[in-house]
Amino acid sequence: MDSLLKTFQRIGSAFRGLPTSQKILYSGSVFILIASLGYLLYAANTREYAGLYSGLSEEDLGLVVQRLNAQKIPYRITGQGSISVPRDVLYETRLSLASEGVPTGGGTGFEIFDVQKLGSTDFVQKVNYQRALQGELSRTINKMDAVEQSRVHLVMPEESLFREDQKPPSASVVLKLRHGVRLSSSQVQGIVNLVSGAVPGLEEEKITVLSTDGQVIFKRDSSSNSFLSDQQAKYKSLMEEDYRRKVQTMLEQLLGANRVITRVSLDLDFNRAQVTEELFDPDSSVVRSQQRSMESSQDRDLNPRGNPDRPVNLEGRLVGADALEPEQQEQKGFSRQRETVNYEINRVARQTVHAPGGVRNVSVAVIVDGPYEIKPDEDGKMKPFFVGRSADEMNTLEDLVKRAVGYDEGRGDQITVSNVPFATDYGAMEGIGQENRWLKMLKDNQRILLNLLLILLVFLFVVRPFMKKLQDLEVNDSNEKEKVPALPGAEENADLIDYQESQKVTLKQKAIALVNQDPKRASDVVRAWLREES
C-alpha cells in the first residue's frame, strides 16, 4: 500500500514539474483513454439490438408493435418502417410473429375468409374476394428485391348473360421502388404476367403499371409497340455480339491476340408478316371428272295419214289407194350419246409467315494491326515501324470475314477490312494500370490504414513521450541520491541540497541555485565530476 502511494506521489510530483503544454497534452490523452475505456465497458454491458423488419407499411408496423407490447419484448423504432429488438430474441420473435401472420406484407389476403360472419350477402363475399386477391398479389410483388411497396387495384365487372354485353376486367399496379433501383423490361413483364394470370379474363392491354412518382412503367397499346423496343434492342445487341465474336475469334487465332478490332451492325426486321398466294399453271391440266351418257329408242310411225273419210278395216289399216305398203309400216328409232369432261388447272396454294427478327443487311468493320519491322531511328535506337500488309493478304482476310458473317450482296451487306497501326505505348498503359491498382488497394483498405496511423500517432506523441519523461525523472532522482551526499561542504549547505526538500525543485533549478549562491563550490563539483569520468 505504501509503495503504491509512493508511486502515485512520484507521478504527481513529476506531472507538476512538466511544462503547461505537456500538462494539457497528457491530461487530454488520459481523458480520451478513460472515455474510450468507459465506452467499451458501456458497449460490452449494453443489450445489443438487431433489425427485426424494415420497410414496413404503417399498418404492418402498428401490428408488429402491438404484438411486441403484448409479449413484453423491448423494441426500438430505428427509422421509417424499421423496428429492432434485442439480438438474443431476434429469431424467436420473428417465428412468433410469423405464426400469427404478422406482418401481413401489405393489404389483406385470403385470411379474410378465416372468420365467416353470419348473414354475409353475395355482394359482400365478392368484395372480400376482390380485396383478398388484391392483397395476395401485392404481397407477391413485394417479395421482389427492387420493390419496396406495392398496391394492386382490380376492376372486376359483374358477369353478363350475353357475351357482347360482358365487360373485360382491368387492373392497375402502383410500385414504390427502392432508392436507386429500376425495373428491367423482363421484371415488368413478369409483374404483368402475374396479374393477368391471377385474374380470369384479364388481358395485358387492360393492365397499367406505374411508380409512385407518376411515371408509367407499362401500358400496352395495340397501336403502339413501344414496350417491345427494349426486347428488340437486347435481341439486336445479342445478335451483333454473336457476329462479332465469330469474326474476332477467327482472326485472333490467325493474327494473334490484341491485333484485331471488330464491330458489327445489323439491320433487323421486326415486322411480322403473313403472305398467302395461289399459283396457277395454264400449261398443265388434269382431268378432274368425266361424265358420259347414251340414249336410243325404236317406235312405229302410227300417225294418221290420208283422207279421214276413207274406210279402214278392223285391224286399223287403210284400204284402197291410201293404204301403206308393208315395208312402209316398219318400225322407226334413234340413238344419242353425250359426254362431259371437266379439267382442273394446276394450282399451288402457299402460306408464308415471316417471323420478326430477320436480318435485312449486315455491316462489318474490321481493323487489323501490323506487321512491324524493327529499325533504328534517327538517334540510332531500335524501334518498331509499321510496314502494313499486302493487298492479297487483305483480300484473303476480307473473304474470310464475308464467309464468317454470311455475306449476301443481294441484300446490301457491307464488309470493310482496314490495316492501320495500333497504339504501341504499352509501358505507359501498364504504368497507369499499376497506379490504378495501388489506388484501388488504398481505397479498399483506407479504414485499416487510418486506424494504424492513429495508433502510431498516439504511441509517438502520447505514450512514448510520457514514458520517456517518467524514465528521465527516475534516472535523475537516482543520480541525485548517489551524487548529493558526496558533494564537498554538504554539511554546511544542507538547506540547499537536502534531498527531501528538493523533490519539488528540478535538477536544473538546483544547479542554477548552487551556482548563484556559491560559484566556487559549483566549480569544485564540476571538477570532481571530471575527475570521476577520467
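This is a predicted model: local features need pLDDT of at least 70, side-chain atom pairs count only at pLDDT 80 or more; totals for chains, interfaces and linings use all residues.

Reply: Residues are numbered from 1 along each chain as its sequence is written, and side-chain values use heavy atoms, with hydrogens and water left out.

Me: How many helices and strands does the chain have, and what makes a run count as one?

Reply: The chain has 13 helices and 14 strands. Both are DSSP runs, numbered from the N terminus: a helix is H or I with at least four residues, a strand is E with at least two.

Me: What makes Ser 196 buried or exposed?

Reply: Buried means under 20% relative accessible area, exposed over 50%, and partly exposed in between, with a 1.4 Å probe and protein chains only. Ser 196 has 18% relative accessibility, so the residue counts as buried. Buried residues make up 20% of the 534 residues in the chain.

Me: Where is Ser 196, and what is it in contact with?

Reply: Ser 196 sits in helix 6. Contact means heavy atoms within 4.5 Å. Leaving aside neighbours within four places in sequence, Ser 196 touches Leu 202 and Ile 207.

Me: Which backbone oxygen lies 3.1 Å from a polar atom of the Ser 196 side chain, and what makes that a polar contact?

Reply: The oxygen belongs to Asn 193. A polar contact is a pair of N or O atoms within 3.5 Å; within protein, one must be able to donate a hydrogen and the other to accept it, and residues adjacent in sequence count only if both atoms are side-chain atoms. The Asn 193 to Ser 196 distance is 3.1 Å.

Me: How do you know that the length of helix 6 agrees with what it should span?

Reply: The expected span is 1.5 Å times one less than the number of residues. For the 14 residues of helix 6 that gives 20 Å, and the end C-alpha atoms are 20 Å apart, so the two agree.

Me: Which residues of helix 6 are buried, and why say they line one face?

Reply: Val 188, Gln 189, Ile 191, Val 192, Val 195 and Ser 196 are buried in helix 6. Seen down the axis, they fall within an arc of 155°, so they line one face of helix 6. The arc is that of the directions from the helix axis to the C-beta atoms. An α-helix has 3.6 residues a turn, so residues three or four places apart point the same way. The face turned away carries the exposed residues Ser 186 and Gly 197. The buried residues pack against helix 5, strand 4, strand 5, strand 6 and strand 7.

Me: Which residues of helix 3 are buried, and what puts them on the same side?

Reply: Asp 60, Leu 61, Val 64, Val 65 and Leu 68 are buried in helix 3. They cover an arc of only 135° around the axis, which puts them on the same side of helix 3. On the other side, Glu 58, Glu 59 and Ala 70 are exposed. The cover over the buried residues includes strand 1, strand 2, strand 3 and helix 4.

Me: What is the phi of Lys 72, and is the residue buried or exposed?

Reply: Phi of Lys 72 is near 55°, a positive value in a residue other than glycine. Lys 72 lies in the loop between helix 3 and strand 2. Its relative accessible area is 75%, so Lys 72 is exposed.

Me: What makes strand 4 and strand 5 a pair?

Reply: Two strands pair if DSSP finds at least two bridges between them. Strand 4 and strand 5 have 8 bridges and run antiparallel. Val 147 stands opposite Leu 177 in strand 5.

Me: What makes the bond from Gly 370 to Pro 371 cis, and where is Pro 371?

Reply: Omega of that bond is near 0°. Pro 371 lies in the loop between strand 11 and strand 12.
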